[in-house]
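Please look over the sequence and the model below.

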Amino acid sequence: MKPILTIDTALEYCLKRLAACDITQAALLLKLRQRGCPEEIAQAAVARLRERGYLNDRRSSERLVRMWRRSATTGSAKLSATLRAQGVDASLQAEMLRQVSEDEELEHARRAIARRRIDRGDERWREKLLAYLVRRGFSLSLAQRALAEVPSTPEIGLS
């Protein structure tokens with residue numbers, strides 16, 4: 001891996017990354033630093049891309065929310081952690097999380113439950129399923145609501 005030492009190579013690298021998908025300014029700066037790019041060149045490249053409209057944290061955040069909606073098995077806490085890890089500032093994070101409705105998140109919890117194998121012979125299966133949902137980023141209250149919808153006895157398909 002060749003280090004990036006000029007503004008032209010930094011811009012070329014950034015444009016290739018952005019052609020693949022929208023990423024945040026913080027993520028792009030991190031990638032440049034990992035490639036040995038000096039800080040002033042990395043900052044200049046990112047500023048130039050931002051000025052020309054190639055780099056936009058809002059657009060990147062919206063892409064992350066769309067990806068979360070398609071994943072269908074994680075809660076809003078996981079989405080928040082992803083936004084934070086990508087360097088999205090707190091005010092934009094809050095705005096993106098307000099777009100996620102509780103009904104939408106409840107549907108994600110239902111799908112997570114449907115995909116999870118449940119051994120109902122274990123007397124602690126409800127506790128284990130609740131812990132699973134919380135680990136997947138659902139709030140405790142939402143996980144409890146989703147779990148309340150699960151029947152105690154398994155459904156038997158006779159088809």
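Helices α8 and α9 cross in a right-handed sense. In this predicted model, helix α8 covers residues 125-135 and helix α9 covers residues 140-148. Their axes come within 9 Å, and the crossing angle is roughly 135°. An angle of that size is neither in the range for roughly perpendicular, 65 to 115 degrees, nor over 145 degrees, the range for roughly antiparallel, so α8 and α9 are classed as oblique to each other.

The residues that make this contact can be picked out on both sides. Helix α8 contributes Arg126, Leu129, Leu130, Leu133 and Val134. From helix α9 come Leu140, Ala143, Gln144, Ala146 and Leu147. Sorted by class, the contact of α8 with α9 has eight nonpolar residues, one polar residue and one charged residue. Arg is counted as charged, and Arg126 is in the α8 part of the contact. Gln144 lies on the α9 side.

The charged side chains form pairs elsewhere. How many salt bridges does the count come to? The count is 11 salt bridges. One of them joins the side chains of Arg58 and Glu95, with an N to O distance of 2.6 Å. This pair links distant parts of the chain, 37 residues apart: Arg58 sits in helix α4 (residues 57-71) and Glu95 in helix α6 (residues 90-98). Arg58 has a relative accessibility of 34% and so counts as partly exposed. Glu95 is partly exposed as well, at 27%.

A second salt bridge lies within a single helix. Arg111 and Glu107 meet through their side chains at 3.9 Å, N to O. The cut-off for a salt bridge is 4 Å. Both residues belong to helix α7 (residues 102-115), and because they are four residues apart there, about one helical turn separates them. Arg111 has a relative accessible area of 33%, which makes this residue partly exposed. For Glu107 the value is 30%, again partly exposed.

Lys128 and Asp122 form a further salt bridge, at 2.4 Å from N to O. Lys128 is partly exposed, with a relative accessible area of 43%. Asp122 is also partly exposed, at 22%; the limit for buried is under 20%.

Methods
Residues are numbered from 1 along each chain as its sequence is written. This is a predicted model: local features need pLDDT of at least 70, side-chain atom pairs count only at pLDDT 80 or more; totals for chains, interfaces and linings use all residues. Side-chain values use heavy atoms; hydrogens and water are left out. Helices (H or I, at least four residues) and strands (E, at least two) are DSSP runs, numbered from the N terminus. Buried means under 20% relative accessible area, exposed over 50%, partly exposed in between (1.4 Å probe, protein chains only). Axes are lines fitted to C-alpha atoms, for helices over the stretch in contact, and angles run from 0 to 180 degrees between N-to-C directions. Angles under 35 degrees count as roughly parallel, over 145 as roughly antiparallel, 65 to 115 as roughly perpendicular and the rest as oblique. A crossing is left-handed if the near helix is turned anticlockwise from the far one by less than a right angle, and right-handed if clockwise. Contact means heavy atoms within 4.5 Å.
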